[in-house]
Amino acid sequence: MVEALHDAGVVVTGAGGGIGAALARRFAAEGARVVVNDLDAGRAKAVAEEVGGIALAGDASAVVPDALDALGGSVDVYCANAGVAFGGDSLDEGAWAASWDVNVMAHVRAAHALLPGWLERGSGRFVSTVSAAGLLTMIGAAPYAVTKHGALAFAEYLSLTYRHRGIKVHAICPQGVRTDMLAATGSAGDLVLKPTAVEPEDVAEALFRGIEEDRFLILPHAEVAEYYQARAATPDRWLAGMNHLQQKWEEVR
């Protein structure tokens with residue numbers, strides 16, 4: 001048990017299923033008071049009832065004021081988990097706008113709302129569900145890969161700027177996770193993500209290990225660290241390998 005999380009006020013966005021629901025269950029098991037946010041009111045209510053939490057349906061970008069009210073004025077942990085994914089090399093500006101809004105700007109808005117209170121009291125924890133796509137990239141999903149890089153950069157910024165003032169930040173970067181989002185990735189996901197996919201509960205467990213060890217980067221797939229190092233050390237070789245994967249995908253899709 002993580003002692004600091006007992007009776008903590010926790011918000012999890014996109015918590016109607018998948019990783020978000022697993023996070024909500026895990027925080028509740030630690031004795032936290034959990035706000036379950038999701039666009040789907042029915043799914044939010046079902047998970048909230050399961051964990052003894054509070055359901056708040058609606059856009060993740062606007063949940064903080066209502067969450068503060070529901071938790072008695074204080075949010076201790078905010079899990080920016082809601083995300084959207086659009087496949088293909090999409091040039092559709094609607095897909096790009098939605099990706100930026102949910103995958104990046106919702107995190108920015110939450111931090112903007114929470115940081116004044118956190119800095120005043122000298123504590124707060126921001127958990128960003130990023131994806132290995134934010135450390136590496138993902139074939140066939142340009143808006144997703146690019147905005148997940150943005151989400152990681154924002155989490156890094158929060159950590160480097162505020163860690164000396166008591167703010168803890170964690171970036172969760174899994175590869176494939178057995179969720180509805182994985183099922184929607186189609187042949188690219190089948191090729192790259194599905195073979196090593198883990199359960200949402202594995203992601204939650206990895207986060208809690210990271211909290212106990214006070215680590216920023218949470219890697220449910222340990223091999224991602226090696227890929228990340230290779231990308232930085234030999235970028236041309238890494239890009240050539242990814243292009244080979246792209247060609248393999250083009251042969252099977």
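Reader: What makes α4 stand out in the lining of the largest cavity?

Author: This is a predicted model, to start with. α4 gives the most to that lining, with 3 residues. Both β4 and α4 (93-121) supply at least two residues there. Among the lining residues are Thr13, Tyr78, Val102, Ala106 and His107.

Reader: Why is that space called a cavity?

Author: A cavity is a set of points where a 1.4 Å probe fits but cannot get out, so a space that passes that test gets the name. With a cut-off of 30 Å³ or more, the count comes to 1 cavity.

Reader: Why are β3 and β7 called edge strands?

Author: The order in the open sheet is β3-β2-β1-β4-β5-β6-β7, with parallel pairing. β3 (54-57) and β7 (217-218) each pair on one side only.

Reader: How do you know that β6 and β7 pair?

Author: Pairing takes at least two bridges. β6 (residues 167-172) and β7 have 2 bridges, in the parallel sense, so they count as a pair. One to look at: Ala171 has Leu217 in β7 as its bridge partner.

Reader: What makes the span of α1 close to the expected one?

Author: Helix α1 (residues 18-29) reaches 17 Å from first C-alpha to last. For its 12 residues, 16 Å is expected at 1.5 Å a residue, so the two values are close.

Reader: And why is Phe27 called buried?

Author: Buried means under 20% relative accessible area. Phe27 is among the buried residues of α1, as are Ile19 and Leu23. The cover over the buried residues of α1 includes β1 (9-12), α2 (41-51) and α9 (200-213).

Definitions and conventions: Residues are numbered from 1 along each chain as its sequence is written. This is a predicted model: local features need pLDDT of at least 70, side-chain atom pairs count only at pLDDT 80 or more; totals for chains, interfaces and linings use all residues. Side-chain values use heavy atoms; hydrogens and water are left out. Helices (H or I, at least four residues) and strands (E, at least two) are DSSP runs, numbered from the N terminus. Buried means under 20% relative accessible area, exposed over 50%, partly exposed in between (1.4 Å probe, protein chains only). Contact means heavy atoms within 4.5 Å. On a 1 Å grid over the protein atoms alone, a cavity is a set of points where a 1.4 Å probe fits but cannot get out, and a pocket is an open set with protein on both sides within 12 Å along at least five of seven lines; lining residues have an atom within 4 Å of a point. Grid points are joined across faces, edges and corners, and a volume is the space filled by probe spheres set on the points.
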